[in-house]
Structures are given as C-alpha cells and as structure tokens.
Amino acid sequence: MKKWILPVCTLVLALGFGNATDSKAMTTQEKLQKQAEEQASYEAFSQKPMQLMEDRKESIPASGTLPCENGNTISYTLENGVLTISGSGDKLIYEYEYYFIENSNITKVVFTNDCAMTDLSSMFSRCHNLVSVENIPQTVINMDSAFSGTGLTSVPALPSNLEDLTYTFSECEGITEVNWAALPKTITSFSGAFKSTSVTTAEIVINDSQLAETIHYSYCFSDCPLLQKLTVNADGLNDSAHLWLQGICSGCTSLEQFELINFPATNMEPGSECATAMFNGCQNLKSVINEGYFYFSGDSIFNGCEQLATLQTKGFRDFYPDDALTNSFYNCRSLSGDYYISFSSLSELYDFANNLSDPDFEENIGFSFTGCNNKTNFHLGYQELVNYWNQRKLLTDSKSEANFHYWPEGDHYRDDSYETPPDTTIQRPSVTPPSLVNTSVTPGNTQPVSTVTPKTKKSISVLKLTKYKKGTKKISGKTIGKAAIKISIGKKTYKAKSNGKGAFTIKLKSKLKKKTSIKVTVSKSGYKTKSKSFKVK
C-alpha cells in the first residue's frame, strides 16, 4: 500500500468513527466547523508534495519513495550527485511529476535492473549538472522532455521499444552529434528532440517500413545555431505514412544545405501543412534539394531565406488559406527560376475568391512574395491570386518584382466549391513542372482576370472553453457549428471540428499544467477567423 494512503485512510476512519459516536451530541454549527477542519486537513495533506517541490530550492531528501499511477512505487537515493532509482512503478503521479526537475545536485542518474517505469516525461528536465544516464529501463516508451536542458553531451542508450522522443534532448547544448542508426526504430515522434543542441551535421534515416501512419520530425533540429547541413533519407517510409517536417530547421542561422532524398514514389500522403516554417529564419540557407513528391507547403516555409539560390522541387501544393501563404517566400531575394503552386483545398479557396480585399487576407498573404526579384516566376493554380499579386506586387508595403502566371493544371479550385474531389488528395500534376531551377519556361495565360466582387464575412459570435482543468488530458469548448478548431499548447497543435451545435472536445497527449497558455483558433468558410487565449488555473 502507498505510504501516503495509509495516514489518509486512518484519518478518515477515525473521523468517521468519531462522527458516528458523537453526532447526536454535536450541534449543527459544530458539525459544520468539524467538516471545515477535515477539509482543510485533507487539502493541506494533498498539497504537501506540490508545496514541497515549490519550496525545496533544489533540496530533496537523500532518499525516498514516490507514488506512481499504477498504484506501485519507485524508490530513490541521492548520494554524491548520483541518483539511483528502483521499483516497479510506471509513471509518477501528477503531484510528484516534477519532483526532480531543476535539481542542480544531480550529476548522474542510474536505473537499477528491477526498475520498470514506462514514462519519464519531464522527469529530469533542466537538471543542468546532469551529465550521465545509465540503464534506462527497457519498459520505457515515453521520454517526452525527460532530459531537456541538462548537461548531457551524448545520447544515452535508449529502450528498444521507445515511441516518444519529443523534446527529450532539447537545449542540451553539449550534444554535438546524433547517431541515427542507434536510435530505436519504434520511435514515431522526434518533435523537438534535438532542438537547440550543438549538432553541426545530421542525417535522418527512415529505414523501417512498419512505421506508424504519422512520423513527426517537427522542430527536431530547430534553433540549432551550428547546424550547417541536414539530410532526410526517406527510403524506408511507409507508403501511407504522413511525414511531418514542420519547422524542422527553423531558426538554424548557420544552415546552408538541406536534402530530402529517396522519398518513395509509392507514398501517396505527401501531406499538406507538414512543411510549415521548415526554413523560417534560415538566413544563410543556400540550397534545398527535394527529389521526390513531398510537396513543400505551409506558411513561413522560406521566410527570410535571403541567400536561397538553389531550390529543386517537383512542386508546391495544398497551401491552405488564411495563414498558409503568410511570409512563405518573404525576402527570398536570391531565388530565380520557375515554381509551381497547386491548390486543392477548395472550400477555403472559394471563400478567398470572394474576399480578396479583406484586411485579414491582406495581412496573411500580402507579404508572401515580398522581396523576390524579377528572375523568379511563380505559376499559381489559382487565377484570382495571380490577378491579386499582379495588382499588388509593386505597392510600397508589399513590394515584389517576381512574375506571376496562371497555371491551369494546378487549378483544382474550379472542380467543386465546397468539397475536395477524392482524387485531389493524391493527385500528381498532370503536366510535371520542371524540377530544376533556371529552366526556361514559357508562361501561359498571363492575361489579367476580372476582380471578384468581395463578400462580407460574418463574425464568429461565441468562442469559449468549458473544460480545461489542471491535471486533465481533455479540452472541451463551444463555438459556432461545424467549424474547424485548432488548439495550440506550446509547440503542440491539435485539430478538431465542432458538431452541429458548436460543441467540441480534444484529447491531449499530456496533462494540462498550471498557468499553461491555450490558444484556440476557429475558422469556417464565410466567417472571419477568430482566436482567443486561455490560461489554466
């Protein structure tokens, strides 16, 4: 039995017995007073571990036993900087989840052979003097942020069935290289795994055809100041897997070269928003090679890449409206050649076609090609957008010298105003555009088109969260019916749709923490996008 359960049970039994024997003699006022005392005593006891962590100032007992979610416990000893952990508990309960974090006395962590933990999420985060980890249990499947911000200089041996490496080694500035071949093939989330490390070159190798439906590398190497080259070898990618590279190199100011090679021609899920902000802020990026049919898409993808001169790709597709073209080629002043952008998100484009003068649209798309030179030709599968930029490109606040042409083969918008035809999600261009830069192409259909009369968008009248308590893994809310919901918590994004009455519920990967900021964005065709932030109490 857990050590902390026994005194509580004893207290409850004693109080219950007292109530049974003395209830007749107690007045109503005395009963209320006694209940208040009992409640205060319980709350003080339940808050004790959390208060201990808040007040400990890096000091914890030299040994102890901690409760886990499966009802078992783990034991630890801390001697001369070495933290030894044993026991059969799976994951620390919420009140003890941050028991060891930010502890500067811990220099080494050793798990005994009998330790059977399954989840180390955030367990040793920001233990800045931690430089060594030994014998991580083979039972561990989740290491989300487990060693982020520590003094590790290399990646320790990882469990063979590990699934989640999200932000595990982020901000470990001492890590200079990653041996991808040594990492378990079972990992499906590398999001932020090596963010803000000192890696100089890296090669991601996807060599297991049995990987899950979605492979996350979002922000995996973002903000690595020394990273100069990154290669993603997708040779073993599952034919139906989504490859998420969102923000993978964002903020890497020294990055010069990126390659995505061996992307299988049989993979029919090239993704849509999977490439958002991939190279955002990579001011020294010179070359991007994308051999296969992974379609670059998403907002801020090449934002600020002023030295990008070589961009080899077979096309862009699924630039979703509202924010997808935001700053996408902003200040790409060295770029030249012909680039083809196809659209297949039809309902949003229909809305766009009638709101080209909307100020929200201007803010989101008005700087998409700012700074591009006259040697760059953008062929857009969206006639109204070509017309828009040919009218706007020389204005002071969104100046662009690029040339814009209509590309009929990339125009799926005309097929249906509200629903995407089934084949457009896997459709290759019917006329394959040039895959190399600086290829001479005769632009087609450059005649101006008539401006579409704008329609006024409605306002979203309600947006609120009804459930978002600390310690839960679920968020519920209310808005207009059948709207798209996007919830951002830190670097993680969740998506859902509201039902006909506007209700929505989203399940989270981890529990909500106190003071966590939640941003909710609601969008729907014919309505102005609305965002609102909430803070967990």
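How many bridges join strand 8 to strand 10, and in which sense do the two run? Strand 8 (residues 229–233) and strand 10 (residues 257–261) are joined by 5 bridges and run parallel. This is a predicted model, so please read everything below as a description of that model.

## The chain as a whole

Let's begin with the overall picture. The protein chain has 537 residues, and 49% of them count as buried. Its secondary structure comes to 5 helices and 23 strands. Among contacts in the chain with a separation of 6 or more, 63% are between residues 24 or more positions apart. The accessible surface comes to about 24900 Å², and carbon and sulfur atoms hold 49% of that surface.

An open sheet is formed by 5 strands in the order 6-8-10-11-12, with parallel pairing. Strand 6 and strand 12 (310–312) stand at the edges with a single partner strand each, so one side of each has no neighbour in the sheet. On average, neighbouring strands of this sheet are turned by 5 degrees against each other, direction ignored.

## Strands 14, 15 and 16

Strand 14 (residues 337–342) and strand 15 (residues 376–380) run parallel and are joined by 5 bridges. Strand 15 also pairs with strand 16 (residues 403–406) in the parallel sense, over 4 bridges.

Here are some bridge partners you can pick out in the model:

| Residue | Bridge partner | Strand of the partner |
|---|---|---|
| D338 | N377 | strand 15 |
| Y339 | F378 | strand 15 |
| L380 | Y406 | strand 16 |

Are the residues of strand 14 mostly covered or mostly exposed? Strand 14 is mostly covered, with 6 of its 6 residues buried. In a regular strand, side chains alternate between the two faces of the sheet. In strand 14, G337, Y339 and I341 point one way while D338, Y340 and S342 point the other way, and all are buried. Strand 15 is mostly covered too, with 5 of its 5 residues buried. There, T376, F378 and L380 point one way and N377 and H379 the other, and again all are buried.

## Aromatic pairs

The model has 28 aromatic pairs. In one of them, the ring centres of F258 and F279 lie 5.1 Å apart with planes at 70 degrees, so this pair is edge-to-face. F258 sits in strand 10, whereas F279 is in the loop between strand 10 and strand 11 (287–290), 21 residues apart, and the pair links distant parts of the chain. F258 and F279 are both buried.

The rings of F369 and F378 have centres 4.6 Å apart and planes at 50 degrees, so that pair is tilted. F369 has a relative accessible area of 0% and is therefore buried. F378 is also at 0% relative accessibility and so counts as buried.

## Nonpolar cores

Which residues touch the most other members of the largest nonpolar core? That core has 101 residues, and the ones touching the most other members are F124, Y217, F221, F279, F296, F302 and F329. Helix 5 (residues 383–392) gives the most to this core, with 4 residues. Leaving out residues up to four places away in sequence, F302 touches F279, V288, F296, L308, L311, F316, N327, S328, F329, Y330 and C332. Another core lies apart from it, with 20 residues, among them L465, I487, L508 and F534.

## Two buried residues in a loop

Finally, the loop between strand 5 (132–134) and strand 6 (201–205) holds S191. With 12% relative accessibility, S191 counts as buried because the cut-off is under 20%. Apart from neighbours within four places in sequence, S191 is in contact with L165, T166, Y167, H216, Y217 and S218.

L158 also lies in the loop between strand 5 and strand 6. Its relative accessibility is 13%, so L158 counts as buried. Neighbours within four places aside, L158 is in contact with I136, Q138, M143, L165, F169, L183 and P184. The C-alpha atoms of L158 and E134 are 9.6 Å apart, and these residues are 24 residues apart along the chain.

Notes:
Residues numbered from 1 in each chain as written. Predicted model: local features only at pLDDT ≥ 70, side-chain atom pairs only at ≥ 80, totals over all residues. Heavy atoms only, no water. Buried < 20%, exposed > 50% of the residue type's maximum accessible area, 1.4 Å probe, protein only. Contact = heavy atoms within 4.5 Å. Pairing = 2+ DSSP bridges. Axes fitted to C-alpha atoms, helices over the stretch in contact; angles between N-to-C directions. Phe/Tyr/Trp six-rings, centres within 6.5 Å; stacked < 30°, edge-to-face > 60°. Areas by Shrake-Rupley, 256 points an atom, 1.4 Å probe, with all protein chains shown as cover. Core = buried A, V, L, I, M, F, W, Y, C linked by side-chain atoms within 4.5 Å.
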